[in-house]
Amino acid sequence: MDFARDLIADPKAEIVELVTARMSAIKRKMSEMKAQIDSTQTMVDRQHSRTNDLTTEIQTIKANLDHLPREDIRDKYDETIEARFRLATMQGQLEKFKDQYEYMQTEQSMLSQILTKLQGAGEIEAVEEEEPEGRVNVNVVRIIQAQEEERQRLSRQMHDGPAQSLTNFILQAEICQRLFDRNPARAGEELIKLKNDASVTFQKVRDFIFDLRPMMLDDLGVVPTVRRWVEAFKDKNDIHTELEITGEERRLASHREVMIFRSVQELVGHARDYASPSEIKVKLDMGAVAIKVSVFDNGRQFDTQLIYEQDEKSQDARVQGLVSLKERFELINGKMTATSSDSAGTVIGLELPAQD
């Protein structure tokens, strides 16, 4: 009886061993492929930035065709064509790597299901690599993801704003240099244009610095900072925006003021970017016991239940951002509420204790 039972059990054990070995091999390949994807993505981003810079230079050249040597124009166009071809090649390679990675993910998932049926869910944990602190805390992962997304957003803003302007300044300065001997009057006009463009860029940089970390948040506190930010938002966007502040205007702990200010930025930004509203209302209640922030918009509604389900596979960028914000508030004993409908609009509420 025991011998017969061993004969029956051996094939199962052999299958488990083969599947386990295959899963380990796939895990290693996925790790290598992820490194390739990250490396290629970095190269694509750099090439994309270079292509955008060249496109900006071409636009400047088109506006000054009569004043630039024919050879310079031809060389710049050739360089632009080559850069675009290189970008297309890199993007194709990146998509290939991503497709391979997704295929391996599918295979790994299928093998995991097979192991589940063979061994039971309790034994699967022994197959997977052990982590020193157990499973990674989902809150920490989301916070890291949010930080990386913010860095990417700032990087894009820097590239599309000040970096592009500086490229134009260099080209304009070169044009002025060439015009001084041949056409001084035109050189003077170009210098005036350069000065005006520099002034506009300087203001954009100031706005960028304010969005990044307004100094008045440290000097004056969260209420004046939110008030000024909302005013600036109204000036830059064609959206009717209102701000209502109640309670006692006072200073709070630094990290709480940062959380409140960032939450207003984030919620208003979400409304603008994802809901396309014509009206936004911001309320900040500086209560004695709790600080409350609510943002209303009359734009497109969305399924707020996804925020509480914390669906990691959700493709809704607004939901992902709100889940991350909700978890950051919960880390300091705060909470979020959310309602959304076509008739009543969307209201996102945040609350946190006034003190630790």
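Strand S3 (residues 290–297) and strand S5 (residues 345–353) are paired in the antiparallel sense over eight bridges. Two strands count as paired if DSSP finds at least two bridges between them. Helices (H or I, at least four residues) and strands (E, at least two) are DSSP runs, numbered from the N terminus. The structure is a predicted model, in which local features need pLDDT of at least 70 and side-chain atom pairs count only at pLDDT 80 or more, while totals for chains, interfaces and linings use all residues. Residues are numbered from 1 along each chain as its sequence is written, and side-chain values use heavy atoms, with hydrogens and water left out.

Three residues lie between S4 and S5, and the two strands form a hairpin.

The protein as a whole contains ten helices and five strands. Of its 356 residues, 37% are buried; buried means under 20% relative accessible area, exposed over 50%, and partly exposed in between (1.4 Å probe, protein chains only). The accessible surface comes to about 22,100 Å², and 52% of this belongs to carbon and sulfur atoms. Such areas come from the Shrake-Rupley method with a 1.4 Å probe. Among contacts (heavy atoms within 4.5 Å) with a separation of 6 or more, 68% are between residues 24 or more positions apart.

Two packed helices are described by the angle between their axes and the distance between the axes. The axes are lines fitted to C-alpha atoms, for helices over the stretch in contact, and angles run from 0 to 180 degrees between N-to-C directions.

Helix H8 (residues 254–275) and helix H10 (residues 317–330) have axes that come within 10 Å and cross at roughly 165°. H8 and H10 are therefore roughly antiparallel to each other, a term for angles over 145 degrees, whereas angles under 35 count as roughly parallel. Their crossing is left-handed. Residues making the contact include Met259, Leu267 and Tyr274 of H8 and Leu322, Leu325 and Phe329 of H10.

The axes of helix H7 (residues 222–236) and H8 also come within 10 Å, crossing at roughly 20°. This angle makes H7 roughly parallel to H8. The crossing of H7 and H8 is right-handed; a crossing is left-handed if the near helix is turned anticlockwise from the far one by less than a right angle, and right-handed if clockwise. Among the residues that meet are Val222, Trp229 and Phe233 in H7 and Ile260, Phe261 and Val268 in H8.

Serine 276 is found in the loop between H8 and strand S2 (279–286), and asparagine 333 in the loop between H10 and S4. Their values are set out below.

Methionine 110 belongs to helix H2 (residues 70–119). With a relative accessible area of 46%, methionine 110 is partly exposed. Methionine 110 and methionine 23 are 87 residues apart in sequence and 9.9 Å apart in space, C-alpha to C-alpha.

Note on methods: Angles under 35 degrees count as roughly parallel, over 145 as roughly antiparallel, 65 to 115 as roughly perpendicular and the rest as oblique.
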